[in-house]
Amino acid sequence: MRHRSRAARSDTSRAVAFSDAVIAIVITLLALELKPPDAEPGELLDALLGEWPTYLAYAASYLYLAVIWLNHKAAFTRIREMDRGLQWANLGILATLALVPWPTAVIAETARTGDLTAERVAVVLYALVGAVLCLAWLAFFSYLARHPDLTNDEVDDAYFARERPRALIGFVLYLIAGAAGILIHPLVASVGFLLVPVYWGVTSHGIDHGPAFLQRGGRNGRIKAH
């Protein structure tokens, strides 16, 4: 059984390459929603300025995908090999992030109609997709926390267990943003959608090698004690 378990493992190169390709395609699909507005002669500037909800939705989604890519890259620098369970956990992340252009397009389209009820539905849809994506990260971190043998030797066995609260907080923040979009105004939710990726970026394990003032406890929690 131990031999079969080892035989089912592989290095991370194919998973990383596939993930990068998926994220690149999703970002491309996101950009396709930036369409020239219908405008009468001499009114193009006003029409472009009127598309600001589309720009805000694009900025929030692009920032989210950029932070996901940085988190994904940082996580895989700590992973030595993959088994079937981790492959599925990674595919879960990719499946949910591939949905991001959909609610982004819905927000952009409903903003053009000026229908406040439709806009509220759109931001709730976006919040739900964002929350599900956070749950996918939670599953990914939890699997690695239960299987520290898949990580590099210098990585603290408890490292990915400490990453799980970040996914849970992101999940809660997206639900709060969606609720604010219903109870207050959809624009409040859209601003919240910009702030959640900022939270993910600031707390990211991807900044462990960045400026000292951004590092969480320096090397603590990242490297095993020798």
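Reply: A residue is taken as buried when its relative accessible area is under 20%, and by that cut-off 42% of the 226 residues of the chain count as buried. The model is a predicted one, and its secondary structure comes to nine helices and zero strands, so that the pattern read along the sequence is α-α-α-α-α-α-α-α-α. Among the contacts between residues at least 6 apart in sequence, 78% join residues at least 24 apart. The accessible surface of the chain is about 11,800 Å², and 67% of this area belongs to carbon and sulfur atoms.

Turning to the aromatic side chains, the structure holds 11 aromatic pairs. One of them joins phenylalanine 76 and phenylalanine 140, whose ring centres are 6.0 Å apart and whose planes stand at 35 degrees; planes under 30 degrees apart would count as stacked and those over 60 as edge-to-face, so this pair is classed as tilted. Because phenylalanine 76 lies in helix α4 (residues 52-76) and phenylalanine 140 in helix α7 (residues 116-146), the pair ties together parts that are 64 residues apart in sequence. Both phenylalanine 76 and phenylalanine 140 are buried.

A second example, tryptophan 137 with phenylalanine 141, is also tilted, since the ring centres are 5.4 Å apart and the planes are at 35 degrees. Here tryptophan 137 and phenylalanine 141 are four residues apart in helix α7, and therefore about one helical turn separates them. Tryptophan 137 counts as buried because its relative accessibility is 1%, and phenylalanine 141, with a relative accessible area of 0%, is buried as well.

Helix α2 (residues 13-31) and α4 pack at an angle of about 175 degrees, with their axes 10 Å apart, and as an angle over 145 degrees counts as roughly antiparallel, α2 is roughly antiparallel to α4. On the α4 side the contact is made by Tyr58, Ser61, Tyr62, Leu65, Trp69, His72 and Phe76, while α2 contributes Ala15, Val16, Ser19, Asp20, Ile23, Val26, Ile27, Leu30 and Ala31. These contact residues divide into 12 nonpolar, three polar and one charged.

Terms used
Residues are numbered from 1 along each chain as its sequence is written. This is a predicted model: local features need pLDDT of at least 70, side-chain atom pairs count only at pLDDT 80 or more; totals for chains, interfaces and linings use all residues. Side-chain values use heavy atoms; hydrogens and water are left out. Rings of Phe, Tyr and Trp (its six-membered ring) pair if their centres lie within 6.5 Å; planes under 30 degrees apart count as stacked, over 60 as edge-to-face and the rest as tilted. Helices (H or I, at least four residues) and strands (E, at least two) are DSSP runs, numbered from the N terminus. Buried means under 20% relative accessible area, exposed over 50%, partly exposed in between (1.4 Å probe, protein chains only). Axes are lines fitted to C-alpha atoms, for helices over the stretch in contact, and angles run from 0 to 180 degrees between N-to-C directions. Angles under 35 degrees count as roughly parallel, over 145 as roughly antiparallel, 65 to 115 as roughly perpendicular and the rest as oblique. Contact means heavy atoms within 4.5 Å. Ala, Val, Leu, Ile, Met, Phe, Trp, Tyr, Cys and Pro count as nonpolar, Asp, Glu, Lys and Arg as charged, and the others, Gly among them, as polar. Accessible areas come from the Shrake-Rupley method with a 1.4 Å probe; for residues, only the protein chains shown count as cover.
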